[in-house]
Amino acid sequence: MKPLNELIRPNIQALKPYSSARDEYNGADASIFLDANENPYNTPNNRYPDPLQRELKKLIAPIKHVNAEQIFLGNGSDEAIDLVFRAFCRPGIDNVVAIDPTYGMYQVCAEINDINYRKVLLDGDFQFKASDMLAASDENTKLMFLCSPNNPTGNNLKRAEILELLDKFQGIVIVDEAYADFSEEPSFLKELDKHPNLIVLQTFSKAWGCAAIRLGIAFASPEIIRIFNKIKYPYNVNFLTQQEAIHMMQRHYEVQQWITSLLNERKRLIKEFEKLKCCRHIYPTNANFFLTKVTDAKKIYDYLVSKGIIVRNRTNVTLCKDCLRITIGTRPENDTLIEALKKYPENKENEDNV
């Protein structure tokens, strides 16, 4: 890759970050805090949270087999995605390359930051080639986005192609692993020390069951993490979120049980879904959801809404015409979905004719 100082925006390189009261204090134990203009009442919520989430990072590091200095914590993964644009892409000048279809926030963040967003179409198996990504780039391409397992397709991207991109691209490669806990493929966290241009995104929203606390993780070289910390808002992760995440760290073995249960349910639900007349095809998945082509996505979606069951209609997404994305729920929730679909007119007619 190019040297980091050639990739970072000049104004960010020169930026003197805001220094909060709690950034400046970092040392011996203290019991009296008169530095941050806080209200002394209503402990503990009266105090600003640790701006660098040190305690939480120390707990995450051994579980993820990384150093605490390689961790950035943000308000959902979306904050880290936005920071990458703000750190490396000059508005109106630079561009990024991403696979298509994929997670929609990459393009939204690009447009908010006035960055040209270039799409590389996946093939019929929802796979990409590193050569196609490189061909779409030029001297102003700073970032490349990959999501594996991908959303909304659910499949792992080919590891060899990702590694080739990491070896050949001169800029930053972001691998979004929001759903990696449900995949048998090894995480790209193992590649961090080999590839200084790699950023790996993960989240507490999926396997950890903590979507409500809005906590995302970016793993990268200490140099890139320092850039993120330089430009993030001072107290970007609130105290309540940090405390709940610390609590969840003590339950990581239970999280593994949830993953096993969801994988078993995924297999069972797909088997039942394939029996439905409205099901045309189910695509391979390595996530906690599957993408299925159905006879009429809009009609089936509307029918399920009328039954109080919400899935995701992806028919307007590239390569996903008449496709629904269905998250794996509990066994009773999945059974309710199947029973409702058995009564969908198209499937009901099939049963009546048997």
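Predicted model: local features only at pLDDT ≥ 70, side-chain atom pairs only at ≥ 80, totals over all residues.
I take contact to mean heavy atoms within 4.5 Å. Helices (H or I, at least four residues) and strands (E, at least two) are DSSP runs, which I number from the N terminus. My axes are lines fitted to C-alpha atoms, for helices over the stretch in contact, with angles running from 0 to 180 degrees between N-to-C directions.

Residues are numbered from 1 along each chain as its sequence is written, and side-chain values use heavy atoms, with hydrogens and water left out.

**Entry 1**

I looked up the strand order and found an open sheet of seven strands, 1-7-6-5-4-2-3, with mixed pairing. Two strands count as paired if DSSP finds at least two bridges between them. Strand 1 (71-74) and strand 3 are the edges; each has a single partner strand, so one side of each is left without a neighbour in the sheet. From one strand to the next the twist averages 20°.

Phe72 stands opposite Ala218 in strand 7.

**Entry 1**

Which strands does helix 4 lie across? Helix 4 (residues 54-64) lies across strand 1, strand 6 (198-203) and strand 7, at about 125° to strand 1. Helix 9 (residues 222-231) lies across strand 1, strand 5 (172-176), strand 6 and strand 7, and runs at about 30° to strand 1.

Four strands form another open sheet, in the order 8-9-11-10, with antiparallel pairing. Strand 8 (279-282) and strand 10 (312-313) stand at its edges with a single partner strand each, so one side of each has no neighbour in the sheet. Strand 10 pairs with strand 11 (residues 323-327) in the antiparallel sense over two bridges. Arg312 stands opposite Arg325 in strand 11. Helix 11 (residues 252-273) lies across strand 8, strand 9 (289-294) and strand 11, at about 5° to strand 9.

**Entry 2: backbone exceptions**

Most residues other than glycine have a negative phi, and most peptide bonds are trans. I noted these exceptions.

- Asp100 and Pro101 are joined by a cis peptide bond with omega of about 5°; Pro101 is in the loop between strand 2 and helix 6.
- The bond from Asn151 to Pro152 is also cis, with omega near 20°; Pro152 lies in the loop between strand 4 (141-147) and helix 8 (159-168).
- Leu319 is not a glycine, yet has a positive phi of about 70°; Leu319 sits in the loop between strand 10 and strand 11.

**Entry 3: the cavity**

A cavity here is a set of points on a 1 Å grid over the protein atoms alone where a 1.4 Å probe fits but cannot get out; lining residues have an atom within 4 Å of a point. How many cavities of 30 Å³ or more does the structure hold? I found one. The lining of the largest cavity has 13 residues, with Ser148, Asn156, Glu185, Pro186 and Phe188 nearest its centre.

Note on methods. 1 Å grid on protein atoms, 1.4 Å probe; cavity = no way out; pocket = protein on both sides within 12 Å on 5 of 7 lines; lining within 4 Å. Points joined across faces, edges and corners; volume = space filled by probe spheres on them.
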